[in-house]
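Thanks for coming. I will take the structure a piece at a time, and you can follow on your own screens.

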Amino acid sequence: MKIFLSFYIFFLFFSNSFAIEKLENAHAISMHGIPKYNADFKHFNYVNFDAPKGGSIKLHQIGSFDTLNNFILKGSPVVNLSQVHDSLLIQSFDEPFTMYGLVAESISVPEDRSWVIFKIRKEAKFHDGNPIRVEDVIWTLNTLKEKGHPFFKFYYGNVKTAEKISDNEVKFIFQGERNLELPLIIGQMKILSKKYWEDKFEDILLENPVGSGPYRVKNFKAGRTIEFERVDDYWGKNLSVNKGRFNFQKVIIEYFRDATVALEAFKSGDYDFRQENQAKRWANAYNFNAIENGHVKKESVKHEIPTGMQGFFINTRKEIFKDRVVRKALNYAFDFEWTNKILFFDQYKRTSSFFSNSDLASSDLPSKEELELLDSFKNQLPNEIFNTIYENPINNGSGDVRKNLRIADKLLYDAGWIIKDGKRINKETGMPLKFTILLVSPEFERIALPYARNLKKIGIEAKVRTVDSAQYERRLESFSFDMTVISLGQSLSPGNEQRDFWNSTSATINGSRNYSGVSSPAVDFLIDKIIAAKNREDLISATKALDRFLLFGYYVVPHWHIQNFRIAYWDKFGQPKIKPKYDLGIDTWWYDSKRVKLLETVIK
């Protein structure tokens with residue numbers, strides 16, 4: 001579920017000017033307000049209703065895979081399985097958080113959203129021809145919570161029961177404090193065939209799984225390639241939410257171990273589309289003939305997706321990192337300005353919030369509402385949270401960081417870490433301050449190694465170690481690292497997933513995303529307040545308070561962010577005129593046979 005987890009970032013920013021209303025047999029549900037599209041809508045605005053079907057698109061992925069089961073902790077799952085399995089509801093990507101019926105024909109909820117009833121479409125079926133039944137829905141929930149990836153235990157933790165109330169109606173009853181998001185969250189759940197999965201759910205899966213979505217797995221070679229084919233008799237192909245989408249007959253994904261080799265393969269036309277995540281490559285590597293001749297398109301596509309937090313995440317389970325002052329000092333050794341100027345061609349902005357680029361990011365001093373939440377924990381929290389605006393250290397871009405290293409040195413000295421024989425040690429225990437920065441991509445070595453050199457100047461020994469993707473996943477799952485690079489996406493409507501990120505319980509459960517080991521009653525309290533927020537204002541206040549705690553806890557040395565998709569693709573495809581705000585929208589593209597013929601003629 002690593003890839004699936006990685007995509008919960010497209011949610012609410014509406015104010016609370018709308019009341020939450022009771023819904024009966026509704027076609028859609030919004031977090032606040034009313035859905036953009038009415039019950040009779042024909043298709044989403046960001047698709048081409050008449051897009052032709054057929055052709056293929058070849059994509060790439062770095063790493064490897066050894067399972068087609070992305071619902072459990074074991075193994076490294078292949079990407080793109082989300083289009084094999086349908087969910088009860090599907091999200092539109094030109095609204096912050098509205099879900100429309102997919103497997104579910106209709107939705108009913110009371111005003112307090114303490115339960116939800118989904119009516120299952122009679123035509124909904126799995127790829128083997130069996131109908132999607134209420135029993136499959138109930139079995140899926142119970143199995144995900146009991147045997148699935150640890151994420152599900154947190155995400156569906158407030159779902160008390162699922163009950164069959166008729167042959168095609170299922171009712172989910174919620175527990176705990178009020179949580180307006182739960183009907184939408186449970187609607188995102190992929191529905192699994194009990195008949196197919198019951199005896200193999202906990203297994204590493206190396207066969208084509210039975211799903212219910214627009215694509216099925218046609219064939220694969222573990223670790224190397226996978227081919228998905230469009231299901232011609234897909235039960236949902238005529239639904240309004242699917243019109244103009246899933247246009248490629250085949251989606252092929254090639255796996256590469258090395259990013260440089262992958263780029264060269266793209267230049268040679270071995271695959272069609274790539275999304276670039278490295279600034280240096282974006283600036284320097286896209287100057288080959290096919291770009292100059294217009295055969296390959298290079299575009300920067302702006303989006304409105306919150307950028308979350310990427311950074312060096314510090315594992316506070318390690319003894320040397322238990323003191324927040326030590327963690328604070330580590331930030332002063334990172335030279336973002338030089339990194340951005342020399343390595344990134346000034347393409348990025350420094351991140352200073354776990355909820356960056358959204359109205360949830362803390363700024364200025366705490367508001368009255370935030371203080372009311374934080375005051376009950378005042379004796380447990382650092383004074384900085386109450387009287388200081390969080391700011392990252394700033395350098396001049398020359399590479400000279402002596403001023404900030406002196407600040408780091410003083411922080412460490414005051415925390416009981418002295419220099420002896422050029423090494424930073426604890427003056428009471430003699431423990432050296434040394435650790436390893438764990439990486440999965442060699443490309444990050446050019447960021448981590450200069451950081452390690454700066455740390456060495458203040459007596460800290462930081463080694464940089466790059467491992468393969470399988471080992472990296474295992475070490476993350478068991479928290480067997482000191483410091484590592486994590487990119488943690490956030491939504492415009494944070495909720496249950498925050499328990500997986502920061503809750504005290506998740507800090508002790510292997511496979512959770514509480515990478516830093518955050519464990520605090522104050523954080524648990526704030527997460528509960530976020531989940532139980534009765535309106536947008538309450539949500540913002542609680543989230544900003546959580547943001548301040550995390551920032552002043554110095555659990556991360558923040559990196560950077562950008563609000564654009566950087567993409568390159570061979571000129572084979574058509575695209576809708578309108579682009580979705582909260583997604584790249586590849587599933588709305590189509591294979592343009594005229595462009596392909598022209599391209600083949602020119603290349604030959």
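The average pLDDT of the chain is 93, and 97% of the residues score at least 70. The exception I want to flag is residues 1–18, where the pLDDT is below 50. That stretch still makes 69 contacts in the model beyond near neighbours in sequence. Where pLDDT is low, predicted coordinates should not be read in detail.

Look at the S8 end. S8 is joined to S9, residues 169–174, by 6 bridges, and the two strands run antiparallel. Within that pair, Glu 163 stands opposite Lys 171 in S9.

In soluble globular proteins, nonpolar side chains tend to be buried together. Here the largest nonpolar core has 92 residues, and the members touching the most other members are Leu 88, Phe 118, Tyr 156, Phe 172 and Ile 186. Which helix gives the largest share of this core? The answer is H2, residues 134–147, with 6 residues. Take Ile 186 as a way in. Leaving out residues up to four places away in sequence, Ile 186 touches Leu 88, Val 116, Phe 118, Leu 141, Tyr 156, Val 159, Phe 172 and Phe 174. There is also a second, separate core of 43 residues, and Ile 486, Leu 488, Ala 522 and Ile 530 are included in it.

Next, the sheet of 3 strands. This one is open too, with antiparallel pairing, in the order S13-S24-S14. Neighbouring strands here are turned by 20 degrees against each other on average, direction ignored. S14 pairs with S24, residues 564–570, over 7 bridges in the antiparallel sense. One of the facing pairs is Lys 302 and Asn 564, the latter in S24.

A word on helix H14, residues 445–456. Its 12 residues reach 16 Å from the first C-alpha to the last, close to the 16 Å expected at 1.5 Å a residue. Several of its residues are buried, among them Arg 446, Ile 447, Tyr 451, Asn 454 and Leu 455.

Lys 463 sits in strand S20, residues 461–466. Is Lys 463 buried or exposed? Its relative accessibility is 51%, and exposed means over 50%, so Lys 463 counts as exposed. Apart from residues up to four places away in sequence, Lys 463 touches Phe 435, Thr 436 and Ile 437.

Lys 577 is exposed, at 86% relative accessible area. Lys 577 and Asn 48 are 529 residues apart along the chain, yet their C-alpha atoms are separated by 7.9 Å.

Last, backbone angles. Most residues other than glycine have a negative phi. Asn 357 has a positive phi of about 60 degrees and is not a glycine. Asn 357 is in the loop between strand S16 (349–350) and helix H11 (368–374), and is partly exposed, with a relative accessible area of 34%. Asp 421, also not a glycine, has a positive phi near 55 degrees. Asp 421 lies in the loop between strand S17 (417–420) and strand S18 (423–426). With a relative accessible area of 74%, Asp 421 is exposed.

That is the end of the tour.

Key
Residues numbered from 1 in each chain as written. Predicted model: local features only at pLDDT ≥ 70, side-chain atom pairs only at ≥ 80, totals over all residues. Heavy atoms only, no water. Helix = DSSP H or I, 4+ residues; strand = E, 2+ residues; numbered from the N terminus. Buried < 20%, exposed > 50% of the residue type's maximum accessible area, 1.4 Å probe, protein only. Core = buried A, V, L, I, M, F, W, Y, C linked by side-chain atoms within 4.5 Å. Contact = heavy atoms within 4.5 Å. Pairing = 2+ DSSP bridges. Axes fitted to C-alpha atoms, helices over the stretch in contact; angles between N-to-C directions. pLDDT = per-residue confidence, 0-100. Expected span 1.5 Å × (residues − 1).
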